Amino acid sequence: MSRGRLITLEGSEGVGKSTNLDVICEFLEEKRIRFTVTREPGGTEIAERIRELLLSETTEIMDGLTELLLMFAARNQHLTRKILPELDQGLWVVSDRFTDASYAYQAFGRSIAIEKVDTLRRLVQEGFNPDLTLLLDVEPDVSRGRISDRELDRIEKENLEFYQRVRAGYLDLAEKLERIKLIDASKNLEYVGSEIRRHMSEFIFSLNNDSAIADR
Ligand SMILES: Nc1ncnc2c1ncn2[C@@H]1O[C@H](COP(=O)(O)OP(=O)(O)OP(=O)(O)O)[C@@H](O)[C@H]1O
Ligand SMILES: [Mg+2]
């Protein structure tokens with residue numbers, strides 16, 4: 001049995017990550033690939049507790065570096081207790097956000113030095129990275145309009161300039177990293193879904209390794 005693959009979905013609030021998770025799941029089911037779905041911050045009991053701390057309102061302002069360290073504390077727990085063991089069992093893992101979000105939100109959004117994110121990534125991931133990342137990109141005023149009826153969490157309450165920096169951070173990563181596939185998510189759901197399926201097909205084709213697909 002071969003090791004599973006990690007597929008991550010990225011993009012800021014309201015771009016359509018949760019909506020399009022279904023497209024990925026359907027695609028993997030069609031290909032008879034066994035998978036689990038998870039999210040960040042979170043994914044395990046302890047990491048979900050850290051998520052609550054990260055997203056809940058506090059009277060004290062959370063320092064940006066504290067936020068970054070908590071993100072990586074949750075990620076370490078998620079990786080060691082869930083993602084890596086599942087990949088070892090041959091399962092594919094689909095995660096709603098992963099480390100690219102720390103570059104976009106904490107480095108670009110909160111102006112923390114990229115080197116600090118690099119250092120924590122190396123410490124926690126030891127060279128491990130997602131195999132494929134689908135980045136949904138939309139102008140922040142459009143994506144925020146899509147979630148205007150929702151109760152916003154601590155990070156979602158940031159202003160438009162913050163979200164413009166987050167978007168620029170994601171686009172910067174997409175330019176540098178081949179594994180990140182940029183999708184114009186301002187278009188309709190049918191278009192976004194077809195782009196996701198196209199990238200997933202190309203990814204599976206590129207693996208060129210039938211044994212990567214575990215039997216059901
Ligand atoms: N391409 C699209 N066109 C129009 N509406 C969309 C599109 N994608 C998503 N939506 C709608 O936008 C809203 C937000 O989508 P969704 O919850 O999937 O975003 P998200 O990226 O998961 O947000 P969050 O980061 O807050 O979890 C939903 O009501 C969804 O139906
Ligand atoms: Mg969501």
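Buried denotes under 20% relative accessible area, exposed over 50%, and partly exposed in between (1.4 Å probe, protein chains only). The legends below concern a predicted model, in which local features need pLDDT of at least 70, side-chain atom pairs count only at pLDDT 80 or more, and totals for chains, interfaces and linings use all residues. Residues are numbered from 1 along each chain as its sequence is written, chains are lettered from A and ligands numbered from 1 in the order in which they are written, and side-chain values use heavy atoms, with hydrogens and water left out.

View 1. Helices (H or I, at least four residues) and strands (E, at least two) are DSSP runs, numbered from the N terminus. Of the 10 residues of α4, 9 are buried, so the helix is largely enclosed by the rest of the structure. The buried residues are D100, A101, S102, Y103, A104, Y105, Q106, A107 and G109. Their cover includes the strands β1 (6-10), β4 (132-137) and β5 (180-184), together with the helices α3, α5 (114-125) and α7; contact here means heavy atoms within 4.5 Å.

View 2. Rings of Phe, Tyr and Trp (its six-membered ring) pair if their centres lie within 6.5 Å; planes under 30 degrees apart count as stacked, over 60 as edge-to-face and the rest as tilted. The structure holds 5 aromatic pairs. One of them joins Y105 and Y163 edge-to-face, at 6.3 Å centre to centre and with 85 degrees between the planes. Y105 belongs to helix α4 (residues 100-109) and Y163 to helix α7 (residues 160-176), so this pair ties together parts that are 58 residues apart in sequence. Both Y105 and Y163 are buried. F162 and Y163 also form an edge-to-face pair, at 5.2 Å centre to centre and with 85 degrees between the planes. The relative accessible area of F162 is 1%, and this residue is buried. Ring pairs link Y105, F162, Y163 and Y170 into a cluster.

**View 3. R75 and two phenylalanine rings.** A charge sits over a ring if NZ of Lys or CZ of Arg is within 6 Å of the ring centre and within 35 degrees of the ring normal. R75 lies over the face of F72, 4.6 Å from the ring centre. The charged end of R75 also sits over the ring of F98, at 5.4 Å from its centre.

**View 4. Packing of helices α2 and α3.** Helix α2 (residues 45-55) packs against helix α3 (residues 64-88) at an angle of about 160 degrees, and their axes are 8 Å apart. Axes are lines fitted to C-alpha atoms, for helices over the stretch in contact, and angles run from 0 to 180 degrees between N-to-C directions. The arrangement makes α2 roughly antiparallel to α3, a label for angles over 145 degrees. On the α2 side, I46, A47, I50, L53 and L54 meet E67, L70, M71, A73, A74 and Q77 of α3.

View 5. Most residues other than glycine have a negative phi, and most peptide bonds are trans. The peptide bond from E40 to P41 is cis, with omega near -10 degrees, and P41 is found in the loop between β2 (35-39) and α2. R32, in the loop between α1 (17-30) and β2, has a positive phi near 55 degrees. S111 occupies the loop between α4 and α5, and its phi is positive, near 60 degrees. R32 is exposed at 53% relative accessible area, and S111 counts as exposed at 60% relative accessibility.

Notes. Angles under 35 degrees count as roughly parallel, over 145 as roughly antiparallel, 65 to 115 as roughly perpendicular and the rest as oblique.
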